[in-house]
Amino acid sequence: MPGRAVPPKPRVQAARSRDENQEPPAGGEEEWAAGRALQKPPDQLELSEAELRQEVTRILTAQNPHAPHNLVRYSFRERAYRSLSAVDQLAVHFSLEGGLLHRDSDEARRQQARQGEEAPSEGALEPPEGQDHKGGEGGGVAPITEEGDEPTATTAAPKAPTKKLTNQFNFSERASQTLNDPLRERACQTEPPPRATFSDNATQGQIYDAYVEELAKQERAKEKLKVATTTKKDEERLRGLKPPAESLGDDLNKVAKASKIMERMVNQNTFDEVAQDFKYFEDVSDEYRDQEGTLMPLWKFQHDKTKGLAVTALCWSPRYKDLFAVGHGSYDFMKQDRGMLLLYSLKNPSYPEFIFNTESGVMCLDIHKDHPYLLAVGFYDGNVALYNLKKPSMLPNYKSSAKTGKHTDPVWQVRWQKDDLDNNLNFFSVSSDGRVVSWTLVKNELVHTDVIRLSLDSASEIVPTALRLNMNACGISFDFHKQIEYLFLVGTEEGKIHKCSKAYSSQFLGTYEAHSMAVDAVCWNPFHPKVFISCSSDWTVKIWDHTVKTPLFIFDLNSPVGDVAWAPYSSTVFAAVTTDGKVHVFDLNVNKYEAICEQAVVAKKKTKLTHIQFNPIFPIIIVGDDRGNVSSLKLSPNLRKMPKEKKGAQDTVKGPEYEIAKLDKLLSLVREPERPVGK
């Protein structure tokens, strides 16, 4: 409240000045003045006139400075700590219970009754109109009677009926009252665990007999294990037959499914942020990058036992879109020891779903489209094998051998084909020995047929006739046409690409002088029937029309290219990996000269990328390196952006026809400068 400090009035000095004109009484002036002099404490603060006139403002608030700002209480209903917004600001400095009672209360009436007094009624609280509190009308005094006599009826005031007032401080209507929930008690009681009293005597002889019996059991178990590794029963068990009933496998099979589900749930909680990014995240910054895009890292798949092995093959399952197979081996001739075949799922990035150990390094693999549990695998030692995921076997169900026509050099690629006329499973393989072989599963064995032998045409003029038969080209990669069943391409170590047919085993349909080094990958376009792509260690990626001998597009990536793959959602998008650890994504419809994304995806230096594959459904790619790791990456919106529809084009056709027309338009722009040369 604002106030002003006003100095006290000097009353004594004013009295002295008023009495100066009068004559003081004789002999008493000094004593009288000294008795009425202004007393001033010695430590009083001396203030100037300006300071005395200064206004001092004080603000009183209802806030208690000692009260806490917020309180935290534990809520048993919500089972969590909650902050209380209302804090009591009342501070009680003094409290004293009084002994006063209302005169109309029951306790007051009882006290008056004990004292022999009559409790006055409510009407006696106020005197009648025209009378005061002392007597009757006109201020008269009531007649006084002797002690003990009661007043007469004429003098008694008439009682007027009065209505009892409700207490406004302790009043509640019946309709406004609510019923409080009664307290409930809950208790849980479990049955006590069963108890039993056991007693026995252990002598030295009994202890000795128990040790002898346990030693005999261990020796019998070792003998059974030695016999099982060499007998035919173990081979049948490894091929997928039911294991013995006394083995531990039965107990593990009972909890295998439940433990796998639990493991996936734990991994989903562990990698929850990655799963959310995989499902929902879209890079908003692509709107400000014009036409460029990025790759966002997701999961990284690695296994402890694949250290020292490179990723030599990748393949997505055609039916289960979250499952892919990885082949591990080595491209170094001096480091050939073993290999592994793993199958990972995006639902469990921490551990493979299937693990197969191989004696030789895995170089290639392929999953059957109609039977996704069948895997065709090619090895570094020249063998091909067939694995069946339905059978719990660590060994392949079918495998080639020297008697059944195995390759003499590493098998670089395998591809499933349609069943033959007898509905037998059929797949092809290509090897460095120059043979393209068709393998057919007939009566539980692999039967081979040589489709074509790759020869060196340039060596025919130099090498004598007697030695020409041994000069075979080294096949590195091949791919079959998506619509024409008999047509396929074969890339060689000499840098050539041969167009071949299943019907002609003695000659090529055409040869392309593609690269100056080995053709690491060749792949038909999934939409356009005439276009295919190739990559090589000579740092280039080339796009071809199989009716033209020269490439339509040439891209120099400044590093050896390990693999290339077409995108399944667009005819103009493809991606390639290089040995410097980078992924290059191109979209010919956006930029015909440079990549719209060039990004390093490995953390360690000197790590080489070996293979790349697009997922057929999800916008992600998987990339393998020479350290045995597989990285999954999500494509940003610019890397999978569909072209905008033109105004007025309401009936725009979407699908394969649209993709073919889009690529044809680009090819026509490339072929136009070549027409005058042909004339």
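Reader: What does G628 touch, not counting residues up to four places away in sequence?

Author: G628 touches F301, T306, L309, A310, V311 and H328, where contact means heavy atoms within 4.5 Å. The model is predicted: local features need pLDDT of at least 70, side-chain atom pairs count only at pLDDT 80 or more, and totals for chains, interfaces and linings use all residues. Residues are numbered from 1 along each chain as its sequence is written, and side-chain values use heavy atoms, with hydrogens and water left out.

Reader: Why is G628 called buried?

Author: Buried means under 20% relative accessible area, exposed over 50%, and partly exposed in between (1.4 Å probe, protein chains only). G628 has a relative accessible area of 1%, so it is buried. G628 lies in the loop between β31 (620-625) and β32 (630-635); strands (E, at least two residues) and helices (H or I, at least four) are DSSP runs, numbered from the N terminus.

Reader: What separates the C-alpha atoms of G628 and Q302?

Author: The two C-alpha atoms are separated by 6.8 Å, while G628 and Q302 are 326 residues apart along the chain.

Reader: Why is R435 with D450 called a salt bridge?

Author: A salt bridge is a side-chain nitrogen of Lys or Arg within 4 Å of a carboxyl oxygen of Asp or Glu. The closest N and O atoms of R435 and D450 are 3.0 Å apart, so the pair meets the definition.

Reader: Are R435 and D450 buried, exposed or partly exposed, and what makes them so?

Author: R435, at 8% relative accessibility, counts as buried, whereas D450, with a relative accessible area of 31%, is partly exposed.

Reader: Which residues are linked with R435 and D450 in a network of salt bridges?

Author: D433 and R453 belong to the network with R435 and D450. The side chains of R453 and D450 meet at 3.5 Å, N to O, and R453 is partly exposed at 44% relative accessibility.

Reader: What is the distance in the salt bridge of R53 with E49?

Author: The closest N and O atoms of R53 and E49 are 3.3 Å apart. Both residues lie in helix α3 (residues 49-53), four residues apart, about one turn of the helix. R53 is exposed, with a relative accessible area of 54%, and E49 is partly exposed at 48%.
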